[in-house]
Amino acid sequence: MLNYQLLDQVRATTPVIVTFANYVTPQIVANAVNVIGGSPIMSLEPAEAAALVSMATAVTLNLGTAQSAELDFVELVALGKAANELNLPVIIDPVAVSVPFRSQYVARLLKEIKVDVIRGNASEIAHFAGVAAESRGIDAVGEVDIEAVAIAAAKNTGMLIVLSGPTDIVTDGNKVYKIKNGHELLAANVGSGDMLSSILGTFLLKGQDRLEGLALATLSMAVAGQLAGQKNEGKPGTFSAALLDELYQLTPAKLEQFGDWEEIND
Ligand SMILES: Nc1ncnc2c1ncn2[C@@H]1O[C@H](COP(=O)(O)OP(=O)(O)OP(=O)(O)O)[C@@H](O)[C@H]1O
Ligand SMILES: Cc1ncsc1CCO
Ligand SMILES: [Mg+2]
C-alpha cells in the first residue's frame, strides 16, 4: 500500500533538502523541491556542511558535473558524513556513471560515506547491477530487464534503488514498486531525473518507511509529468513550466485518481 496522505505531511513539515547540485540544473531542482512542499538548499562549501545537514531531513548528492578538484570531493564527503552521523538518508544521482572517470569517482565516494539510495536511469542502475548496458551520455539507451536490473543493483549494493524511465522501479531487492505514470516530455526536459533525485528526499520524513516514501515521491513526479504532458503535447518548453505547476497543484486525491502502480513482493 502507499499512503497518499504522505504528500500532505511533506507540505505540513516543509523538510529541508540539502543538494550538491550539478551546474546544469540547480534552478529547476530547487523549484521542484519547493513546489512539492520542501525547502531546498544547495551548497559547495565544506565548512558549512554539518550546519546545513543538521537542519535537513535528507541529502542528495548529484554527481553530474562533480570535479576531481579536491573541494568537490571534500564537499561530497563532508555532506555524506554529516548525514551519516545523524542517520539521515543520503541519495546519490550517478549521472553517466559508466564513463570510467565517473565509475571510479563513485567507487571512491562509496568508500568514504554510507549511501542509502541510488536514483538513476536504466543504464546508470545497470552499472550497479554489474550488467552491461548502453548509454549515450546522460541518457539511457537500449533495452534491459528493468525489474531484474533494479533488484540486482539493490542486492549488490545493499541500497534502495529508484530506476527511472517510461516505467519506474523502486526496490529494496525484495519488494518492488512499479510505477507506470509519466510522459515522454519528461525525457525531453533535461534535469527531470535531477528533480526526482532531490524530490525523493522530501518524502523521507523522520519515522517514514523509506521504500514507501521513495515510491510515493516517484509516483508524484510521474503523475505530475503525465498531467503536464497531456496539457502540452509536443511542447517541451511550456511543458517544463507546466511540470512545476502540476507538482505544486498535486494532491493525495490526484495521486489516488491517476496513480498507475503495482506492488510486487518477492
Ligand atoms: N519515456 C518516458 N515516458 C514517461 N516517463 C518518462 C520517460 N522517460 C523518463 N520519464 C520520467 O522522467 C523522470 C526522469 O527520469 P529519467 O530516466 O529521464 O532520468 P534521467 O535520465 O536521469 O534524466 P536527466 O538526466 O535529464 O535528469 C522520471 O519521473 C521518469 O518516470
Ligand atoms: C546535461 C548534463 N551533463 C551533466 S549533468 C547534466 C544534467 C542532467 O543530469
Ligand atoms: Mg540523470
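How do the residues of the shell around ligand 2 divide into nonpolar, polar and charged? The model is predicted.

## Ligand 2

The shell around ligand 2 divides into four nonpolar residues, six polar and one charged. Asn-22, Val-24, Thr-25, Gly-64, Thr-65 and Val-95 are among the residues that surround this ligand. Ile-138, Val-190, Gly-191, Gly-193 and Asp-194 complete the list.

## Ligand 1

Ligand 1 has 22 residues around it. Those that come nearest are Asn-121, Ser-164, Gly-182, Leu-186 and Gly-193. By class, this shell holds nine nonpolar, nine polar and four charged residues.

Which elements supply at least two residues each to the shell around ligand 1? They are strand 7 (139–140), helix 8 (184–188), helix 9 (192–202) and helix 10 (210–231). Helix 9 gives the most, with four residues.

## The annotated binding site

An unreviewed UniProt entry places the feature "binding site" at Arg-119 and Ser-164. The two are spread over 46 residues of sequence, yet they cluster in space, with a largest C-alpha distance of 7.4 Å.

Arg-119 sits in strand 5. Is this residue buried or exposed? Arg-119 is buried, because 30 other C-beta atoms lie within 10 Å and the cut-off for buried is 20 or more. Leaving aside residues up to four places away in sequence, Arg-119 touches Ile-91, Asp-93, Val-162, Ser-164, Leu-196, Ser-197 and Leu-200.

Ser-164 lies in strand 8. With 27 C-beta neighbours inside 10 Å, Ser-164 also counts as buried. Again not counting residues up to four places away in sequence, its contacts are Arg-119, Asn-121, Gly-193 and Leu-196. Ser-164 is also one of the residues that come nearest to ligand 1.

## Helix 7

Helix 7 covers residues 146–157. Why does its length agree with expectation? At 1.5 Å a residue, its 12 residues should span 16 Å, and its end C-alpha atoms are 16 Å apart, so the two agree. Gly-158 follows the helix, with a positive phi near 75°.

The buried residues of helix 7 are Ile-146, Val-149, Ala-150, Ile-151, Ala-152, Ala-153 and Ala-154. What do they pack against? Their partners are strand 5 (117–121), helix 6 (122–129), strand 8 (160–164), strand 9 (168–171) and strand 10 (175–179). Two of these strands carry the annotated residues: Arg-119 is in strand 5, and Ser-164 is in strand 8.

Definitions and conventions
Residues numbered from 1 in each chain as written. Chains lettered and ligands numbered in written order. Predicted model: local features only at pLDDT ≥ 70, side-chain atom pairs only at ≥ 80, totals over all residues. Expected span 1.5 Å × (residues − 1). Buried ≥ 20, exposed ≤ 12 C-beta atoms within 10 Å, placed from the backbone. Contact = placed C-beta atoms within 7 Å. Near = placed C-beta within 6 Å. Nonpolar A, V, L, I, M, F, W, Y, C, P; charged D, E, K, R; others polar. UniProt positions renumbered as here; feature names shortened; annotations may be inferred.
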